[in-house]
Amino acid sequence: MSMKIKQKTTDANTIVLSGRLDNSTAPELEKELDEILATASKLVLDMENLEYISSAGLRVILKTQKALAKKEGLKLIHVPDTVREVFDITGFTEFLTVE
Amino acid sequence: MEQTKHTEKYKNQQRVSFFSFLSELPNFFAVLVSAIFSGSLIVWMDFVDSLGNVINAGFVTLLSRKLRRDLKYEYNYGIGKIEAISSLCCNGILIFGLIFMLISSVNELISPKQPSGLLIYVVVLKVINVTIDSYFLAAQYKINKSSRSSISVSQFRTCLKSFSFDTIAIVSLLVCWLFRDFNIVWYFSPVICIALSIFFLAETVVHARESVRILTDRTLPEKDQLQILNVISQFYDRYVDFDFLSSHISGETVYIDLRLIFPEETTFAKIRKLCTDISNAMSKQIENSKVSIVIDAETTEKNTETIKE
């Protein structure tokens with residue numbers, strides 16, 4: 001199963017993720033985010049339809065969080081319970097803004 | 001100081017292995033000739049053992065010579081893999097020889113032959129051989145005791161195996177020669193060879209598997225990958241950015257490579273403390289983990305301008 005990355009037409013800084021964020025899809029997201037981060041100072045990741053996140057996906061999230069730490073920041077919204085559980089296990093909830 | 005100790009360790013190993021190689025050569029040819037003339041399976045088995053010893057001693061001599069240089073700057077993960085390749089080559093050759101011996105022994109068990117009267121000369125040769133074996137066993141024991149390494153442990157095992165094998169061979173050959181006119185003794189040689197072949201084969205396969213395991217890098221399970229991220233997240237505020245370069249399992253060891261980026265003004269003491277804390281936290285979460293951390297300074301606009309100038 002693949003992952004879909006969609007930029008919201010109403011808000012260029014919101015990225016909607018759906019499917020699985022794993023070893024095969026994480027590089028694609030990383031590339032996409034790198035392009036956005038070159039100009040953006042804040043970012044919202046809408047995870048409503050994200051089914052699974054692996055360590056590779058977490059690495060991309062952590063890198064993005066670090067890149068935006070000194071700017072307006074990264075916000076994760078509509079995080080499913082399964083994904084939130086992974087954030088809890090890895091201690092990511094300590095520094096991520098999850099809504 | 002440490003470099004001198006390192007060099008000395010491999011210098012001793014090279015010396016002992018080279019003498020072992022030289023002393024094994026006459027035995028190798030003598031056993032080959034004896035095996036051809038006597039046709040005894042025990043002597044052929046001895047030939048396989050001697051072949052293994054010659055190759056092994058030759059390999060270790062060359063390897064110790066190379067290892068006298070401190071290779072940790074050439075090979076990130078030390079010299080384990082070089083040792084594993086050598087061990088695999090030696091064990092591979094031994095396995096082929098032992099399988100050949102096993103098949104020949106079963107064949108002779110089906111149609112036994114009367115032992116040759118020439119066996120007594122082989123017994124004399126073996127007595128000389130055991131004396132030499134005991135010298136190398138003692139020398140290798142000393143090396144192993146003063147500076148233990150995987151090469152020295154494996155060499156000690158080889159010396160012990162040679163000594164035990166030659167002692168068993170003397171007894172077996174004597175029995176075969178003394179009672180060669182009794183039909184029942186005709187089965188003695190193949191039976192002993194089958195038992196020894198199976199024993200050595202099992203032992204050699206275990207060592208070969210261990211080498212293969214060291215040579216095969218495996219990916220870390222997802223559970224461990226998450227634990228790595230858990231450790232990194234614990235120190236979130238103490239670095240500016242990070243890259244997870246790679247992680248793999250080699251043998252029993254888990255290698256984790258990270259790249260951490262710090263503000264330019266961060267002191268060495270702070271960086272060192274963080275690296276130690278990460279390594280310790282990682283060891284608690286993942287057994288036998290070795291963490292390598294590449295340190296980089298944050299590239300600021302000011303830095304970039306300086307570089308351009």
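Modeller: A charge sits over a ring if NZ of Lys or CZ of Arg is within 6 Å of the ring centre and within 35 degrees of the ring normal. Please keep in mind that this is a predicted model.

Colleague: What makes you place the charged end of A:K66 over the ring of B:Y236?

Modeller: The charged end of A:K66 is 3.9 Å from the centre of that ring, and the limit for the distance is 6 Å, so the pair is listed as a charge over a ring. B:Y236 also belongs to one aromatic cluster with A:F87, A:F92 and A:F95.

Colleague: Why is the pair B:W44 and B:F47 called edge-to-face?

Modeller: The ring centres are 5.7 Å apart, against a limit of 6.5 Å for a pair, and the planes stand at 90 degrees, where over 60 counts as edge-to-face; therefore the pair takes that name. B:W44 and B:F47 are three residues apart in helix α2 (residues 41-67) of chain B, which means a separation of about one helical turn.

Colleague: How do you know which of these, B:W44 or B:F47, is buried and which is partly exposed?

Modeller: B:F47 has a relative accessible area of 15%, and buried means under 20%, so B:F47 is buried. B:W44, at 26%, falls between 20% and 50%, and is therefore partly exposed.

Colleague: What makes β1 and β3 of chain B edge strands?

Modeller: The open sheet has the order β1-β2-β3 in chain B, and β1 (241-250) and β3 (289-297) each have a single partner strand, so one side of each is left without a neighbour in the sheet.

Conventions
Residues are numbered from 1 along each chain as its sequence is written. Chains are lettered from A and ligands numbered from 1 in the order in which they are written. This is a predicted model: local features need pLDDT of at least 70, side-chain atom pairs count only at pLDDT 80 or more; totals for chains, interfaces and linings use all residues. Side-chain values use heavy atoms; hydrogens and water are left out. Two strands pair if DSSP finds at least two bridges between them. Helices (H or I, at least four residues) and strands (E, at least two) are DSSP runs, numbered from the N terminus. Rings of Phe, Tyr and Trp (its six-membered ring) pair if their centres lie within 6.5 Å; planes under 30 degrees apart count as stacked, over 60 as edge-to-face and the rest as tilted. Buried means under 20% relative accessible area, exposed over 50%, partly exposed in between (1.4 Å probe, protein chains only).
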